[in-house]
Amino acid sequence: MWDDVCAPCPISSCDIPSSSCLLGGLGAPSRLGAAIDGARLALAIEGGGMRGVVSAGMTAAIELLGLTACFDLVVGTSAGALNGAGLLAGVADACCNAYHSVFTTRRFINPYRLLIGRAAIDVAFALDHADETLDAARHERTAASAIPLHCVAVDVDQAAAARLSALHCVEELRAALLASSRMPWVGGAPVPFRGRRFLDGGLAESIPYRTAVALGATHVLVLQTRPHGTGVEPVALLADRVITRQLRALNPALPDLYQRRSVEYDDAVAELAAATDTPQAEGPFLYGLRLPAGSQVVGRFERCAGALEAAGRAAREHAERVLRGAAASGRTDASDPRGGAKMSANKRRDGRSDVRGAVKW
């Protein structure tokens, strides 16, 4: 299913202890995990256009709790890749806030541009934007991070998912983020990357936990952007026809990938739910973190600042509540006097922090 654009970054050196596991019980997150031999923890992040504000809120919670360094690798699709890059740069909270501020401007998203043959969504603008909270040097920190970022995109010529890895310079990181988030039609032409052409990874793998497992992860925390009980929304008939026609012009095999995406998405959600509720005996162990049923559903092209701010806040609070609950149940240190969990940040031999607690998922 996957096609490597390059050899994936090494997940960890054999002389370094394996990373910690974030949640202590997959069926019901009851304990914060600890480093155990052979365990590799991945963070897999779903996108979905402006619905990415949900996974952005969840990464903000991870950042707030100081858990970023627990992960051995981060895998993101589309907006999820952008959110993962923000987390590794230490600006996850600022990225979440940008969804209801700078990302609602017509400079970033403007459907009327389609009428003059231009892209409605300008992800390059988002990547190049800098202000007092989203500093211009953030991409350098992501590229230099000891935790590798893998972006899932669709190879146009292969009509298959591909992982874009080894993003060690800002130029290649930027190109990979653009490729992973280049939605057909509304996003513009395919993005060139290392001699090949790519489109949005959501065409093939919206929730990239399978790529994380293929990269050697034994435990995967999956940030999902649709609440429980919510499926893929149908595309308007006219837009569907335009997208299908443009995809067919690029590669006759792409429309089939596009038409199968809702079925593939539902299958992935069901697999994640089953793995979360009833973990396999020997792994890989998956935990799907998503908002409860009845939560606000954010549209792919949502531009209402109030709705986006509320969704990001709800996701951040929900993720923080789940992760703090996991820590509180399995902590080895005393409780935080403010009522949260005090997490023990031990140092690994590679200098990164490990969260120590229970080891069982």
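Buried means under 20% relative accessible area, exposed over 50%, and partly exposed in between (1.4 Å probe, protein chains only). The model is predicted: local features need pLDDT of at least 70, side-chain atom pairs count only at pLDDT 80 or more, and totals for chains, interfaces and linings use all residues. Residues are numbered from 1 along each chain as its sequence is written, and side-chain values use heavy atoms, with hydrogens and water left out.

View 1. R260 is partly exposed, at 36% relative accessibility. E264 is also partly exposed, at 31%. The two form a salt bridge (a side-chain nitrogen of Lys or Arg within 4 Å of a carboxyl oxygen of Asp or Glu), with the closest N and O atoms 3.7 Å apart. Why are E264 and R260 separated by about one helical turn? Because they lie four residues apart in helix α9 (residues 254–277).

**View 2. R226 and its partners.** R226 sits in the loop between β8 (219–223) and α8 (237–250). R226 is buried, with a relative accessible area of 3%. Its side chain makes a polar contact with the side chain of E233 (2.9 Å) and another with that of Y265 (3.3 Å). Polar contacts are pairs of N or O atoms within 3.5 Å; within protein, one must be able to donate a hydrogen and the other to accept it, and residues adjacent in sequence count only if both atoms are side-chain atoms.

**View 3. D135 and R141.** These residues form a salt bridge, the closest N and O atoms being 2.8 Å apart. D135 is partly exposed at 24%. R141 is partly exposed at 34%.

How values were computed. Helix = DSSP H or I, 4+ residues; strand = E, 2+ residues; numbered from the N terminus.
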